[in-house]
Amino acid sequence: MSVPATKRHNRLCLRFSSVLSFSTALALCSLIFPDHQAYAQNLDYGTFEKLFNEPITSSATGKPQRASELPTDIQVVTAEQIRTSGAQTLPEVLRMVPGVDVRRYSVLSANVSIRGNDAAGGSRTLVLIDGRQVYLDGYNYTDWGALPVSIRDIRQIEVIKGPNSAVYGFNASGGVINIVTRDPQHENKSYVHVEGGSLNGFAGELVASHKFSDAFAAKLSLNGLRSDEYDRRSGRNVPAQTSNINAALEFRGQISPRIEWGLTGTIDQERSPFWLDIGTYFTSRPLAKSLEGRLAADTDWGLIEFRAYQNSFINEATDDIAAFGTIIPIRFGYDLETTVSQLSDTIAINSKNDLRLGVEYRYSSLSGTQAGTKIGSESDMLASGSAVWDYRILPELTLTNAVRVDSFLVSSVKSPIMVNAPTAPARYYVEPSFNSRIRYDAGDLGTFGLNAARGIQLPALFDFAPTTMLGPVTIINNPSLAPSTTINIGFNYSHGIKPLDGSLSIALFAQRTSEMLGTPFASNYSYVPPASLTMFPQNYNRVDDAGGEIRLEGKTDFNLHWDLSYAMASVRDPNKSSAINFQRQTPVNTVIGGFEYVLGQVEFSAHARWQSHYQDVAADFSTFQLKDIKVKDFVTLNARVGWKIDEHFRLSLSGQQLGDARLKETSGLRIDRRIIAGLTAGF
């Protein structure tokens, strides 16, 4: 006997509410632990770095930890490394991290993924700014040109490799990139930076930060870029110029010595060609906004933190596709809104045990239009409960376990265009995830770590759309679409090398992903002449990965800092018939090397990256099929010279892609060589 749709939906909502109630109870159970020691609310990165002579983070467990003691595979890119890289954008910084794959499709548009399973949207890498998600789970990608962060205001970038859904959330199945900006309560760093160069490029940053008192500190960050687009002679339908402007206003303060508050608002506007997995460019004009509030209390029951934020992302993607002797106009607009509330309690139970309990609720809605006509809308709700337990068994032996349960509900929805199409059914999932690591410090022999994890990747909200039409494209709802799960095991080793004043680090991993997901537009297509296309979002069966990274770095007495690394990601995708094949689309080998050298007031730095070949795709509109494009192995070489005039002023000259005047990195635009001169004034 079938259950009516209304009763079935109510039953799903009841089950969803019960999981939320359980999650809340999980956080309140911290009251049973006596004799707690609380932590300071805001982490003073600069003070801790000087104390321990290495980067510090609280992202993994909620308490301050040295990078060398973290219970996960993480690399921290410091502010100094970011500055000496000469990079204009964040993907240019991240391409020098072993295990991270970066594809540049335009000046501002890029794909960033961690340890293989590459795709133009980079759907398996969760991206955060100060812990706030900027990853767009409506389409499962990150718009790197619309991030409200100034490059020189970044304190550090934390690259966490491998599944970390139990700590960071359901979409951290491939890895996490957390961008940490400077805290105005601890760092009054204000500056103006301007630069210009090739491709008629001009960019600037303004950061004004001031601590008025313990009760109030403020920071304003503005940045923008305008440039001619890469490879304008290619004949591709891309805008002649690309630009963005981003702004963030942040307030922080103390209500009392043990209670802190924060309020942040951001807005971002961009105009850029955007490369979709269907193998073509669309002109993208996103407007992104966010508002976040935070309250932290250092109590007898631990450090209790509540944060809530809302992200809004409005975009219009346009293109005129020439096919079959006619022009097919695409005028696709969408509006994504996500509201998130998080509550956590970090408890020092005793000298050996720390516990972090958390709950999260989020609501997302997505609506789409074609040429101003509404084609569909959908929404989802998520509730989760999590716990991270850090247990120091012995001074040199630590066990860290994290568990999380996500309860996910997608509402049923009917197409406003295709009135005879069936209603897309409601979906309900309950998915557990975990991360477990044991770390042993063997003294002069080095530090060893073993880890295991289960990560979760949810389908993009767009994939749950009802059967509808987008211009000449018919999108078919797939009621069997499911989350993908990744089981990962790994080994880590690090060892200091005193003669080099440096260190050696090794990370190995193997993982299996079931029900693999691509990005929303990376679906199987069927073409019906003369100009009809059917799109069917689906899972891609099983994908296996294995590989790792080895990194060696050191310093000398004459101010030379160098690093050399090798990374491998071997992917096995048995589905050879699909146009979307993660094995062919992932470069296997990467070698990265670089140095920074200081001679008096002058700085010299250079970084090179070689990667092996891989396969990209491009659209063939004569047949409405994806063509395989082989991208040969290539080298990128960047260099920078900086002159510190005095303590306030610094000049720089940077060269990007010095090895090739027009490099083919993808099946999209060739990347042009660029020379950029800059001036920074600190005050």
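Are arginine 155 and glutamate 187 buried or exposed? Both residues are buried, and they form a salt bridge whose closest N and O atoms are 2.5 Å apart. The structure is a predicted model.

**Salt bridges**

- The count of salt bridges comes to 35.
- In the pair of arginine 155 and glutamate 187, the arginine lies in strand S8 and the glutamate in the loop between strand S9 (175-181) and S10, so the bridge ties together parts of the chain that are 32 residues apart in sequence.
- Lysine 219 and aspartate 153 meet through their side chains in a salt bridge, at 2.8 Å from N to O.
- This lysine–aspartate pair links distant parts of the chain, with lysine 219 in strand S12 and aspartate 153 in the loop between strand S7 (132-133) and strand S8 (154-161), 66 residues apart.
- Lysine 219 and aspartate 153 are both buried.
- A salt bridge of 2.8 Å, N to O, also joins the side chains of arginine 512 and aspartate 544.
- Aspartate 544 is buried, because its relative accessible area of 15% is under 20%.
- A network of salt bridges links Glu80, Arg83, Glu603, Arg640 and Arg650.

**Cavities**

- By class, the lining of the second largest cavity consists of twelve nonpolar, twelve polar and five charged residues.

**The open sheet of five strands**

- Five strands form an open sheet in the order S3-S8-S9-S6-S7, with mixed pairing.
- Strand S3 (74-78) and S7 stand at the edges with a single partner strand each, so one side of each is left without a neighbour in the sheet.
- Strand S6 (residues 125-129) pairs with S7 in the antiparallel sense over two bridges.
- Within that pairing, leucine 128 stands opposite glutamine 133 in S7.

- Arginine 307 is located in strand S17 (residues 302-323).
- Arginine 307 is classed as buried because its relative accessible area of 13% is under 20%.
- Its contacts, not counting residues up to four places away in sequence, are Asp130, Gly131, Arg132, Glu292, Gly293, Arg294, Val340, Ser341 and Gln342.
- The C-alpha atoms of arginine 307 and arginine 132 are separated by 9.3 Å, although the two residues are 175 apart along the chain.

- Strand S18 (residues 326-348) and strand S19 (residues 353-370) run antiparallel and are joined by 17 bridges.
- Valine 340 has arginine 362 in S19 as its bridge partner; Val340 is also one of the residues that arginine 307 touches.
- The hairpin of S18 and S19 has four residues between the strands.
- S19 also pairs in the antiparallel sense with strand S20 (residues 373-394), over 18 bridges.
- Arginine 356 has valine 388 in S20 as its bridge partner.
- S19 and S20 form a hairpin with two residues between them, and alanine 371 in the turn has a positive phi of about 55°.

- S27 and S30 run antiparallel and are joined by eleven bridges.
- Aspartate 544 in S30 is the bridge partner of arginine 512, and the side chains of these two residues also meet in a salt bridge.
- S30 pairs with strand S31 (residues 560-572) in the antiparallel sense over twelve bridges.
- Leucine 552 stands opposite leucine 564 in S31.
- Four residues lie between the strands in the hairpin of S30 and S31, where asparagine 559 takes a positive phi near 65°.

Key:
Residues numbered from 1 in each chain as written. Predicted model: local features only at pLDDT ≥ 70, side-chain atom pairs only at ≥ 80, totals over all residues. Heavy atoms only, no water. Nonpolar A, V, L, I, M, F, W, Y, C, P; charged D, E, K, R; others polar. Salt bridge = Lys/Arg side-chain N within 4 Å of Asp/Glu carboxyl O. Buried < 20%, exposed > 50% of the residue type's maximum accessible area, 1.4 Å probe, protein only. Pairing = 2+ DSSP bridges. Contact = heavy atoms within 4.5 Å.
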